[in-house]
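Have the viewer open as you read.

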Amino acid sequence: MLDQESLNALREALRILDAGFAKLPTYTPNAPRVEQIAEALSATAERLKDNYPYFHPLYAGQMLKPPHPVARMAYALAMWINPNNHALDGGRATSAMEKEAVAEIAAAFGWKNFLGHLCGGGTMASLEALWVAGQLQPGKKILASKQAHYTHQRISGVLQLAFESVPTDALGRMDMEALAKRVERGNVGTVVATVGTTATGSMDPLPEILELRAKHGFRVHADAAYGGYFILAENLGKDTRSTFEQIGIVDSIVIDPHKHGLQPYGCGCVLFRDPGVGRLYKHNSPYTYFSSAELHLGEISLECSRPGAAAAALWATQRLLPLKKGGEFARGLEQGRKSALALFEKVKADSQFLTAFAPELDILVFAPRGNSVSETSTLSRKVFEAAAKRGLHLAVAELPIHFWENNLGGMKRDRERLTCLRSVLMKPEHLEWVERIWELLSAATAEVLALRT
Ligand SMILES: *Cc1c(COP(=O)(O)O)cnc(C)c1O
């Protein structure tokens, strides 16, 4: 089941790359100890078997999927060189490729004149965005919703910026009344708008946040680490669309190519609308080699050494699958959302289950219905295990009870938080497997509910 055909393309590409260095005086590298390498690799393969099958459509749990074969091959190809995008001298070609690939991502948000680069992931990307925010709004607070990724609070601690959470509404979005009241009290420097929360894919109401910004002058940082690529999807709800229509006027955006951009881990991206923030990165390192007058990415990045291979992989992927509406890549996202909606409809129509709200992106949450919130929570964990035994891998999440309020009926509210099941249907192939996923899920749930004492 694991693709091996693409290895042929890698061999051909490697031949082309090798030819690029044909003018060098002959040099015979130390012969690789092929047999020992094979032994170590086989041992590695044995160890790697100990994983959930993230590549398979029946893995429908966390935000996990393998990169596109082209990304995997381009990354591997670059490993024969191992360029470092810290400086042009360390990664000439891949620095140029990074600039091109990042410009394509920025263009999807309508940005032409911007500052941005790749980094280790969404956490590093937001670290930079909040670091910039803290310098431009010194002494003021960072606000994010209670459903924002926990990284924002922790990063604010690292940066020694005061942080406050804003409550969420029944749809998992930032509560606008609460935000308006909080902003009225003053001293807010930056609001983090989550564009697709990690737990439920809920989108904070960006148009309303931007209205408040117009009045109060704080910065808006869009954490689109997970949801950002959905700007290309054309089957979104009205509110989701209206957020994407305005995302171009936020101050900074974070998006993770290693989440929905088909990349290996180690590929996040930060974008600033005002390229002028580049001045905040100024340093005069005696180590960085300045053989070129051209701006190099190390001058606008907090991380120093960065993998040129990540840029090569992203560049190759976007060459194969351009970031445009109606294209193959966008269609893949639309299929994930369609899958989530289809599975949600089935779950919602079945009285075995408790649901919260319809998925805004491609993530759905639900729980087997018990007599109390605590019993439902216990049952969720049992269904998680029973489904895994049948080969269906889901995830477990803890969500506040107010997300479920409308559907609790007579259920005893003996806990503030409800443990539920969460399914991220982020692979285009999920669409063909919804029926099968549903069969396994309902059978596992029926089994667990039948065993109830
Ligand atoms: C995944 C995620 C992050 C963290 O990004 P990493 O790439 O894991 O560092 C931040 N925010 C959101 C909304 C995410 O989904």
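What follows covers the aromatic pairs and then the ligand site.

## Aromatic pairs

Keep in mind that this is a predicted model. Searching the whole structure turns up eight aromatic pairs. Take Tyr52 and Tyr54: their ring centres are 6.5 Å apart and the planes sit at 65 degrees, so this pair is edge-to-face. Tyr52 is partly exposed, at 42% relative accessibility, and Tyr54 is partly exposed too, at 24%. Ring pairs also bring in Tyr59, giving a cluster of Tyr52, Tyr54 and Tyr59.

## A pair across the sequence

Trp131 and Tyr281 have ring centres 5.0 Å apart, and with their planes at 65 degrees they count as edge-to-face. Trp131 belongs to helix 5 (residues 122-136), while Tyr281 is in the loop between strand 7 (268-272) and helix 10 (308-320), so the pair ties together parts that are 150 residues apart in sequence. As for burial, Tyr281 is buried at 6% relative accessible area, whereas Trp131 is partly exposed at 22%.

## The ligand site

Now for the ligand, which sits in the second largest pocket. The residues around the ligand include Gly121, Gly122, His149, Asp223, Tyr226 and His258.

Which side chains put a polar atom by a ligand oxygen? Thr123 has one at 2.6 Å. Asp256 has a side-chain N or O atom 2.6 Å from a ligand oxygen, and for Lys259 the distance is 2.9 Å. On its own the ligand has 380 Å² of accessible area, and the protein covers 87% of that.

Terms used: Residues numbered from 1 in each chain as written. Predicted model: local features only at pLDDT ≥ 70, side-chain atom pairs only at ≥ 80, totals over all residues. Heavy atoms only, no water. Phe/Tyr/Trp six-rings, centres within 6.5 Å; stacked < 30°, edge-to-face > 60°. Buried < 20%, exposed > 50% of the residue type's maximum accessible area, 1.4 Å probe, protein only. Helix = DSSP H or I, 4+ residues; strand = E, 2+ residues; numbered from the N terminus. Near = heavy atom within 4 Å. Polar contact = N/O pair within 3.5 Å; in protein donor to acceptor, adjacent residues only side chain to side chain. Areas by Shrake-Rupley, 256 points an atom, 1.4 Å probe, with all protein chains shown as cover. 1 Å grid on protein atoms, 1.4 Å probe; cavity = no way out; pocket = protein on both sides within 12 Å on 5 of 7 lines; lining within 4 Å. Sits in = over half its atoms within 2 Å of the grid points.
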